[in-house]
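Look at the structure below. This report covers the ligand and its surroundings, then a pocket, then the salt bridges.

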Amino acid sequence: MQFKDKQLSLSSPRVMGILNVTPDSFSDGGQHNARDSAIDRAHRMAEQGADFIDIGGESTRPGAADVAEQEELDRVIPVIEALSGQLDAVISIDTSKAAVMKEAVNAGAALINDVRALQEPDALAMASELNVPVCLMHMQGQPRSMQQAPHYRDVVREVNDFLLARVKACHNAGIKEQNIILDPGFGFGKALSHNYQLLRHLPQVAALGYPLLVGMSRKSMIGNLLSRDVEKRLAGSVAVATIAAHLGANIIRVHDVEETADAVNIVKYINALEE
Ligand SMILES: Cn1cnc2c(O)nc(N)nc21
């Protein structure tokens, strides 16, 4: 897949490191809010094996409030500018706002990661104009209220139907087929069982024919099942990352890059063995 001047094969699973530059991110408590620590962390994750660094200025954890456009720009653009050209990894911008996509790509981001699947105003047109790969993620509701009462008749079918509808909207907006990545949106308007049904049936999402990005790292689907607080979810996070990679996920979005890269390397080795 082409990320500006960097060609990156997704035929084997890749690791995306999470860089939250938000004061209320659920797992690193905003200690990365300071620009310099964010830049150091990005370099460390790239050294640990991250092929992507996902930079986000709006926390999308359950219950999070929306962030104003200028505030989001002020958080992420300086970090992207400082990292552009300095990292071996591809810079991804985690945003739903068209203006943030534009500034971020102009500053050096080569992937748009939109948890709202380009449904915000002007987002489709902007993504088409910027002509970089875009991840379309499923979310039921909005972060503020999505976990109040998630309900599906058939979660895999409904997530797939949503993702295909967004793919169609992308085609109609002139977004190239080869620029589309899909994501079932673990934890975004899903109860525990919905998340694990989506994980178990990930091959059905992969069957839509687009690269898959998944993010389960340190999420409540791990904490609630294992009764683990957020700082004790490493084993569970590596377990679900391994399962997802084995079931066909192409990009695994995580906090713990080194540990996940080890797990993914085992999956890559097994997949490379003759049948
Ligand atoms: C920003 N963000 C948080 N969780 C995520 C997930 O599961 N997928 C994607 N694409 N982005 C996410």
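## The ligand site

A residue counts as near a molecule if one of its heavy atoms lies within 4 Å of it. The model is predicted. Around the ligand are Thr 60, Asp 94, Asn 113, Val 115, Cys 135, Met 137, Asp 183, Phe 188, Leu 213, Gly 215, Lys 219 and Arg 253. This shell divides into five nonpolar, three polar and four charged residues.

## Polar contacts and burial

In Asn 113, a polar side-chain atom lies 2.7 Å from a ligand nitrogen. A polar backbone atom of Gly 215 is 3.0 Å from an oxygen atom of the ligand. Arg 253 has a side-chain N or O atom 3.4 Å from a nitrogen atom of the ligand. How much of the ligand does the protein bury? Taken alone, the ligand exposes 300 Å², and the protein buries 96% of that.

## The second largest pocket

The volume of the second largest pocket is about 220 Å³. Its lining has 13 residues. Asp 5, Gly 85, Leu 87, Ala 89 and Gly 108 lie nearest the centre. The lining divides into six nonpolar, three polar and four charged residues.

## Salt bridges

The count comes to eleven salt bridges. One of them joins the side chains of Lys 97 and Glu 72, at 2.6 Å from N to O. Lys 97 lies in the loop between β5 (90-94) and α3 (98-107), and Glu 72 lies in helix α2 (residues 69-83), so the pair ties together parts that are 25 residues apart in sequence.

Key:
Residues numbered from 1 in each chain as written. Predicted model: local features only at pLDDT ≥ 70, side-chain atom pairs only at ≥ 80, totals over all residues. Heavy atoms only, no water. Polar contact = N/O pair within 3.5 Å; in protein donor to acceptor, adjacent residues only side chain to side chain. Areas by Shrake-Rupley, 256 points an atom, 1.4 Å probe, with all protein chains shown as cover. Nonpolar A, V, L, I, M, F, W, Y, C, P; charged D, E, K, R; others polar. 1 Å grid on protein atoms, 1.4 Å probe; cavity = no way out; pocket = protein on both sides within 12 Å on 5 of 7 lines; lining within 4 Å. Points joined across faces, edges and corners; volume = space filled by probe spheres on them. Salt bridge = Lys/Arg side-chain N within 4 Å of Asp/Glu carboxyl O. Helix = DSSP H or I, 4+ residues; strand = E, 2+ residues; numbered from the N terminus.
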